[in-house]
Amino acid sequence: MTSRYRSSEAFQGLNSPSPRRRTVVKAAAATAVLAGPLAAALPARAATDAPAFLHGVASGDPLPDGILLWTRVTPTSAAIPGSGVGPDTEVSWTVAKDKAFTTIVSKGSLTATASSDHTVKADIRGLEPATDYWFRFSAGGTDSPVARTRTAPAANAAVAGLRFGVVTCANWEAGYFSSYRHLAARNDLDAWLHLGDYIYEYKSGEYAARGTVVRPHSPANEIITLADYRTRHGKYKTDPDLQALHHKAPVVAIWDDHEFADNAWSGGAVNHTEGAEGTWTARQAAAKQAYFEWMPVRPAIEGTTYRRLRFGKLADLSLLDLRSFRSQQASAASGTVDDPNRTITGRAQLDWLKAGLKASDTTWRLVGNSVMIAPFVIGSLTADLLKPLAKLLDLPQDGIGVNTDQWDGYTDDRRELLAHLRSNAIGNTVFLTGDIHMSWANDVPVDAGTYPLSASAATEFVITSVTSDNLDDIVKVPEGTVSAIASPLIQIANRHVHWVDTDRHGYGVLDITADRAQMDYYVLSDRTNANATSSWARSYRTRTGTQKVERTYDPV
């Protein structure tokens, strides 16, 4: 692999499956900023109390001529994330063509303020396409770590190949982020994709590793206020493995529900009690503000994460927001899964996606998709497996085979999108998906009920969780035990599913050439071990023009 890429815009500083209902946290307690515990968790500060870069640096949303840079400065020991205190601090940035900074190509400065939680973003332009750069920030005589980033290929460039790390569902309390460390060690990524649930909102102890907290959250309460969300983002950004990956390659991220609250929709969430936890409108606004402060992501259309990046003539990437506009999950009160008045995308986003896919002139059309689009029915699982699977997917435990939080709960939108792909002969569409805490390789049939007689309109690679509980964790049996039984039964009932692993944690590496898009699935030895090893598990690919997934027996 030799080629790479990027995409960006203008920015300055900044103004699933999981457990469900829990004990309501009183609003008064939720507003507390746990300064003591968080300060204790941060790296030691110098006695002089000089500005420090305790949360690393990051880059994201690469463009052919630019990149978005991010950091958070801690100007004084009291100015911890979420505190709302601390002086205005000038933060300078430098971009160079070499790690030693002998060839500087861009520099400037921003002001970090308490109003943006002392985070800053610099949208750098005037760079060369498909080029590695190094950058750092400085404040008060202190330099940040040095990090690598990379721009996208020129829009019309012939690109031989692209390589992305792919991750999702990183629950702090459920283990260590070894997946990030192993991706950082590769040294061959153009960028990495985070498909949602970068953080989790639960109170400490509510959602851990088979019920055991591996390392406690900060704050300990469920996050509800702006201070809460800032504190939780700050805690995540102290993780050394997460910092290492941010220091090696740009991220392209979308959010799912846990950046807000479990099973979020436009008007609320399963994990939100209106009144006792304030209004959903205020909570959603706080979560979005903290996200854009703490993530190297440009706010896109309507202040959400749906946007599109291009990587030469080889691929474009449509990134979706499947929380901000969706209707409430189907129920007797909110309507059926086939109700045409219910939506997962919202009308404007669906039209934007359809138009972009039709107008695309790249070889591959990638879609960053936070919840599974391929249909899924449970089939004839035995009762001892059906109940934990229903729990993981938040289904009624009576055998109903649909997860209404996925596209299965919004079949009219899916039907319209897949019909659009077929009627316009739009090929080579690959959905890249997270959320479900399992690995899948799927065809996406126009009509699953008649598959394989029905055509496949696209393909889908689903990545398992970095740490969040999957099926064997819920059943509390050895890893691989459930998958050995459940996977064949799932495939029998879902003939478009080529592979599913219900049990393991890990990450993916997507490699794209003109001939094929291949996903290599990697698994961790033990998410609760900070030194967990990584091993290749399986690989699947879709060859150009086929709209079908097939197994391949070697990673790229």
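Predicted model: local features only at pLDDT ≥ 70, side-chain atom pairs only at ≥ 80, totals over all residues.
Student: OK, the open sheet of seven strands: what's the strand order?
Tutor: The order is β12-β13-β14-β15-β17-β16-β18, with mixed pairing. Strands here are DSSP runs of E with at least two residues, helices are runs of H or I with at least four, and both are numbered from the N terminus; two strands pair if DSSP finds at least two bridges between them.

Student: Which strands stand at the edges?
Tutor: β12 (307–311) and β18 (497–501) do, and each has a single partner strand, so one side of each is left without a neighbour in the sheet. On average, neighbouring strands of this sheet are turned by 20° against each other, direction ignored; for such angles, axes are lines fitted to C-alpha atoms, for helices over the stretch in contact, and values run from 0 to 180 degrees between N-to-C directions.

Student: How is β18 joined to β16?
Tutor: Strand β16 (residues 439–445) and β18 run antiparallel and are joined by four bridges, with Trp-440 standing opposite Val-500 in β18.

Student: And which helices pack on the sheet?
Tutor: α7 packs on it, touching β12, β13 (315–319), β14 (364–369) and β15 (429–433), and its direction makes about 15° with that of β12. Helix α11 (residues 481–493) also packs on the sheet, touching β16 and β18, with its direction at about 160° to that of β18.

Student: What does the turn from β12 to β13 look like?
Tutor: The two strands form a hairpin with three residues between them, and Gly-312 in the turn has a positive phi of about 65°. Five bridges join β12 to β13, which run antiparallel, and Arg-307 stands opposite Leu-319 in β13.

Student: Is Thr-305 buried or exposed?
Tutor: Thr-305, in the loop between α6 (280–294) and β12, is buried, with a relative accessible area of 0%. Leaving aside neighbours within four places in sequence, Thr-305 is in contact (heavy atoms within 4.5 Å) with residues including Trp-255, Tyr-291, Phe-292 and Leu-319.

Student: Switching to helix pairs, how do α7 and α9 cross?
Tutor: The axes of helix α7 (residues 347–359) and helix α9 (residues 411–423) come within 10 Å and cross at roughly 15°. That makes α7 roughly parallel to α9, since angles under 35 degrees count as roughly parallel, over 145 as roughly antiparallel, 65 to 115 as roughly perpendicular and the rest as oblique.

Student: Which residues make that contact?
Tutor: Among them are Leu-350, Leu-353 and Leu-357 of α7, together with Glu-416, Leu-417 and Leu-421 of α9.

Student: What about strand β6, how much of it is covered?
Tutor: Strand β6 (residues 132–139) is mostly covered, with six of its eight residues buried. Five bridges join strand β3 (residues 89–96) to β6 in an antiparallel arrangement, and four bridges join β6 to strand β8 (residues 147–150), also antiparallel. Phe-135 stands opposite Val-95 and opposite Ala-147 in β8.

Student: Last topic, where is the cis peptide bond?
Tutor: It joins Ser-218 and Pro-219, with omega about -10°, and Pro-219 lies in the loop between β10 (191–194) and α4.

Conventions: Residues numbered from 1 in each chain as written. Heavy atoms only, no water. Buried < 20%, exposed > 50% of the residue type's maximum accessible area, 1.4 Å probe, protein only.
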